[in-house]
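Please read these notes with the model open beside you.

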Amino acid sequence: MKAIHIFITLLLFIATQNAVSQLQINSFTTIEEKMKTIAKPIVVFIHTDWCVYCKNMKNTTFNDPEVIEKLNNDFYFISFNAESRESIDFLNHTFHFESNGHRTGVHSLAKELATVNNKIAYPTTTILNQDYEVILQYQSFLSAKDLNIILEKISQNNEKHTTNLHSTF
């Protein structure tokens, strides 16, 4: 009987861990409403279906428990396919897929968020502050370790900024 109790407890623990370790993915259509309630920096992962480095980052970096915890607690996370054909209303603009050949193209919002030095590359990780300003664009694979360092620095700066704002009122 004791073995069954231990087994059930272990199963519940594993189930709880799996539930906690799910990355919360938002969309551009819901993020503005969430920002009105609780403002946080936004991490946008811009990728394509054919990009090997994008898939690798999805499977490693964004499955890392530390990355998941940091993103879920201190940021809003959006995973955005740069070749999405859906129109997106965001910040009083409507962004569309722009064809550049037979069955190819890039979403105009991906162009806005992933273009660095007039070039777009995948994957691109773009971070927006609470005012929707781009504070970081990184065009390459990011390991969990490297992304954690970036997220930690932004979190610390965000806490300092928030603390300073509160202390002035």
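1. In helix α2, residues 28-37, the buried residues are Phe-28, Ile-31 and Met-35. Buried means under 20% relative accessible area, exposed means over 50%, and partly exposed lies in between, with a 1.4 Å probe and protein chains only. An α-helix has 3.6 residues a turn, so residues three or four places apart point the same way. On the other side of α2, the exposed residues are Thr-29, Lys-36 and Thr-37.

2. This is a predicted model: local features need pLDDT of at least 70 and side-chain atom pairs count only at pLDDT 80 or more, while totals for chains, interfaces and linings use all residues. Residues are numbered from 1 along each chain as its sequence is written, and side-chain values use heavy atoms, with hydrogens and water left out. Helices (H or I, at least four residues) and strands (E, at least two) are DSSP runs, numbered from the N terminus.

3. What covers the buried side of α2? The cover of its buried residues includes β1 (25-26), β2 (42-47), β3 (76-81), β4 (88-90) and α5 (108-114), where contact means heavy atoms within 4.5 Å. Helix α2 lies across β1, β2 and β3 and runs at about 165° to β3. For such angles, axes are lines fitted to C-alpha atoms, for helices over the stretch in contact, and the angles run from 0 to 180 degrees between N-to-C directions.

4. Five strands form an open sheet in the order β1-β3-β2-β10-β11, with mixed pairing. Its edge strands are β1 and β11 (134-139), each pairing on one side only. Two strands pair if DSSP finds at least two bridges between them. Strand β10 (residues 124-128) pairs with β11 in the antiparallel sense over five bridges. Ile-127 has Leu-136 in β11 as its bridge partner, and Thr-126 has Gln-137. The hairpin of β10 and β11 has five residues between the strands, and in this hairpin Tyr-132 takes a positive phi near 65°.

5. How many salt bridges does the structure hold? There are four, a salt bridge being a side-chain nitrogen of Lys or Arg within 4 Å of a carboxyl oxygen of Asp or Glu. One joins Glu-33 and Lys-36 at 3.6 Å, N to O. Glu-33 and Lys-36 are three residues apart in α2, so about one helical turn separates them. Lys-36 is exposed, at a relative accessible area of 65%.

6. Another salt bridge joins Glu-152 and Lys-70 at 3.1 Å, N to O. This pair links distant parts of the chain, with Glu-152 in helix α6 (residues 144-167) and Lys-70 in helix α4 (residues 65-74), 82 residues apart. Glu-152 is partly exposed at 34% relative accessibility, whereas Lys-70 is buried at 15%.

7. Lys-111 and Glu-98 also meet in a salt bridge, at 2.6 Å, N to O. Lys-111 is in helix α5 and Glu-98 in strand β6 (residues 97-101), so the pair ties together parts 13 residues apart in sequence.

8. As for the whole chain, its secondary structure comes to six helices and 11 strands. Of its 169 residues, 36% count as buried.
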